[in-house]
Amino acid sequence: MDPSPRRDDSAGYCFVAAGMVAILATALTIAAWGFVSLFTTSTPIETEEIPFFIGPTMVISAISIAFSCMMRIGFELRDGSAAFPWLLTLASGIGGYLAASLIGLFAGLPPADSIQSIFLLMLIPINWLCVSAYWAITVRHIYTDRNRPRWRWEDPDDE
């Protein structure tokens, strides 16, 4: 792999890819919370006195931290650093968990619904995997000459 970036269109690509991966992380979080809720017969927030928007705010904060880490990775890749960003991927998982937990604590949730919640702990591997996938996708786009994958029925002249 050549250490110098090869594509000039990478700034917009990095932003769009980060947005798509953030949507993927949100979908994985909702699906994982649904399965855990189904199997444990519990809800992500057991406290009934909390306003309804606290749960989505917690998820949005965790995903926004993952998005900002992805944008930072995209900037580093465009500048020529193709090494795997271990620290940023860990920061996306742990930082998202801590942000969501702190929002829950400040909103008045007990520790069982915030810091000790299995639902919020699931944000760590989800964010880590999504940010790692973003790195792999973006590295492939910036540092290789390969075109996007095509279906068998697609005509090579269609672009």
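## Exercises on helix packing and ring pairs

In this predicted model, helix 2 and helix 3 cross with a right-handed sense.

**Exercise 1.** Work out how helix 2 and helix 3 are oriented towards each other.

*Solution.* Start with the axes: those of helix 2 and helix 3 (residues 86-106) come within 8 Å and cross at roughly 155°. Next, recall the cut-off: angles over 145 degrees count as roughly antiparallel. Helix 2 and helix 3 are therefore roughly antiparallel to each other.

**Exercise 2.** Find out which kinds of residue make the contact of helix 2 with helix 3.

*Solution.* First look at the helix 2 side, where the contact residues include Met58, Ile65, Arg72 and Glu76. Then turn to helix 3, whose contributors include Leu88, Gly95, Gly96 and Ile103. Sorting the residues of this contact gives 11 nonpolar, six polar and two charged.

**Exercise 3.** Classify the ring pair of Phe15 and Phe67, and say which parts it ties together.

*Solution.* The structure holds seven aromatic pairs. In the pair of Phe15 and Phe67, the ring centres are 5.9 Å apart and the planes stand at 80°, so this pair is edge-to-face. Now place the residues: Phe15 lies in helix 1 (residues 10-40) and Phe67 in helix 2 (residues 54-78), so the pair ties together parts 52 residues apart in sequence.

**Exercise 4.** Classify the ring pair of Trp151 and Trp153.

*Solution.* The ring centres of Trp151 and Trp153 are 5.1 Å apart, with planes at 5°, so the pair is stacked. As for accessibility, Trp151 and Trp153 are both exposed.

Technical notes
Residues are numbered from 1 along each chain as its sequence is written. This is a predicted model: local features need pLDDT of at least 70, side-chain atom pairs count only at pLDDT 80 or more; totals for chains, interfaces and linings use all residues. Side-chain values use heavy atoms; hydrogens and water are left out. Rings of Phe, Tyr and Trp (its six-membered ring) pair if their centres lie within 6.5 Å; planes under 30 degrees apart count as stacked, over 60 as edge-to-face and the rest as tilted. Helices (H or I, at least four residues) and strands (E, at least two) are DSSP runs, numbered from the N terminus. Buried means under 20% relative accessible area, exposed over 50%, partly exposed in between (1.4 Å probe, protein chains only). Axes are lines fitted to C-alpha atoms, for helices over the stretch in contact, and angles run from 0 to 180 degrees between N-to-C directions. Angles under 35 degrees count as roughly parallel, over 145 as roughly antiparallel, 65 to 115 as roughly perpendicular and the rest as oblique. A crossing is left-handed if the near helix is turned anticlockwise from the far one by less than a right angle, and right-handed if clockwise. Contact means heavy atoms within 4.5 Å. Ala, Val, Leu, Ile, Met, Phe, Trp, Tyr, Cys and Pro count as nonpolar, Asp, Glu, Lys and Arg as charged, and the others, Gly among them, as polar.
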